[in-house]
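Subject: Handover of a structure and the findings on it

Dear colleague,

Please find below the structure that I am handing over to you. The notes that follow it set out what was found.

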Amino acid sequence: GGDQVPHGALAGRHVLITSGPTHEPIDPVRYIANRSSGKQGHAIAAAAAAAGARVTLVSGPVALPDPPGVETIHVESAREMLNAVETSLPADIAIFAAAVADWRVADATSNKMKKDGNALPPLALVENPDILATVAHRKSGRPPLVVGFAAETQNVIDYARAKLAKKGCDLIVANDVGGTGVMGGDANTVHLVTADGVETWPTLPKDEVASRLIAHIAGLVPAGRA
Ligand code: CTP
Ligand code: CA
């Protein structure tokens, strides 16, 4: 991976990337989370660094090492992720690859919940902030290029088009996570969805998807500022 990215293509740029899942506490020993290894987001961070960018990676809990040459901020919950992202702005390019939990438990308990033999514990949920939409809709300090992901199990392109509009981003990288071993696996099949149309890539290793995505993005941002 990384070999298609022109060396220095993103020199002088700040690229902000989210990756991994978020963990939303239920009590001190339990949480709600999405399935996400962080492999795709971390590979994008490494590819951006290889292209000469200054890279900030805001990562949820993953079993991966921090990519070399990348400033990595570790967070647990969606609200911590949003806070770290906003603190890391401004950025030239923001890429939201994290699988953020859509909901958190309204009243996480400070002590471990115990089985009492009868009633199941009620878990009232509240919606988490949408980090991508919050950044893409900023009135000032919006990164010039905002990229979202869409993991779908059906109607992949239609749902991606809807997300592009609703979230206010410039590009959606849509992937079909139904069926095969995309989640946690090493390969990914993606569609690049913009207002102008759809570009479908062949199934590729995640680090190849990352380097191609960074090369594509480098072609979209106005030429060198370094
Ligand atoms: N995202 C985010 N913050 C959230 C939820 C999603 O930043 N609270 C970002 C993801 O990182 C991804 C994009 O939004 O780049 C789409 O995430 P996805 O879960 O596919 O979309 P949702 O809007 O949450 O819709 P749904 O899960 O209902 O399909
Ligand atoms: Ca979601």
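In these notes a residue is called buried when its relative accessible area is under 20%, exposed when it is over 50%, and partly exposed in between (1.4 Å probe, protein chains only). Please note that this is a predicted model, in which local features need pLDDT of at least 70 and side-chain atom pairs count only at pLDDT 80 or more, while totals for chains, interfaces and linings use all residues. Residues are numbered from 1 along each chain as its sequence is written, chains are lettered from A and ligands numbered from 1 in the order in which they are written, and side-chain values use heavy atoms, with hydrogens and water left out.

Salt bridges

A salt bridge here is a side-chain nitrogen of Lys or Arg within 4 Å of a carboxyl oxygen of Asp or Glu. By this rule there are six salt bridges. Three of them are described here, with helices (H or I, at least four residues) and strands (E, at least two) taken as DSSP runs numbered from the N terminus.

One joins the side chains of Arg142 and Asp170, at 3.2 Å from N to O. This pair links distant parts of the chain, 28 residues apart: Arg142 is in the loop between α3 and β9, and Asp170 is in the loop between α4 and β10 (171-176). Asp170 counts as partly exposed because its relative accessibility is 30%. Arg142, at 25%, is likewise counted as partly exposed.

Another is formed by the side chains of Lys163 and Glu152, at 2.6 Å from N to O. Here too distant parts of the chain are linked, with Lys163 in helix α4 and Glu152 in strand β9, eleven residues apart. Lys163 is partly exposed, with a relative accessible area of 25%, whereas Glu152 is buried, with a value of 9%.

In a further salt bridge the side chains of Lys167 and Asp130 meet at 2.5 Å, N to O. The two are 37 residues apart and link distant parts of the chain, Lys167 lying in helix α4 (residues 156-167) and Asp130 in the loop between β8 (125-127) and α3. Lys167 is buried, at 16% relative accessibility, and Asp130 is partly exposed, at 32%.

The annotated binding site

An unreviewed UniProt entry carries the annotation "binding site" for Asp102, Lys112, Pro129, Asp130, Ile131, Leu132, Phe149, Lys163 and Lys167. These residues are spread over 66 residues of sequence and are also spread in space, with up to 37.4 Å between C-alpha atoms. UniProt positions are given in the numbering used here, feature names are shortened, and annotations may be inferred rather than shown by experiment.

Among the annotated residues, Leu132 lies in helix α3 (residues 131-136) and is buried, with a relative accessible area of 7%. Contact means heavy atoms within 4.5 Å. Leaving aside neighbours within four places in sequence, Leu132 is in contact with Phe96, Val146, Val147, Gly148, Lys167 and Cys169.

Phe149 is in strand β9 (residues 145-152) and is buried, with a relative accessible area of 17%. With neighbours within four places in sequence left aside, the contacts of Phe149 include Gln40, Ile44, Ile95, Ala97 and Leu213.

The largest pocket

A pocket is found on a 1 Å grid over the protein atoms alone, as an open set of points where a 1.4 Å probe fits, with protein on both sides within 12 Å along at least five of seven lines; lining residues have an atom within 4 Å of a point. The largest pocket holds about 1000 Å³ of space, where grid points are joined across faces, edges and corners and the volume is the space filled by probe spheres set on the points. Of its 41 lining residues, the closest to the centre are Ala98, Ala99, Val100, Phe149 and Ala151. At least two lining residues come from each of α1 (39-50), α3, β9 and α4, and α4 gives the most, with five residues.

The calcium ion

Asp102 is in the loop between β6 (93-96) and β7 (103-105). The protein donors of the calcium ion (ligand 2) are Asp102 (OD) and Asp102 (OD), lying 2.5 to 2.6 Å from the ion. Donors are N, O and S atoms within 2.8 Å of the metal (3.2 Å for Na, K and Ca), and water is not among the atoms, so sites may look incomplete.

With kind regards
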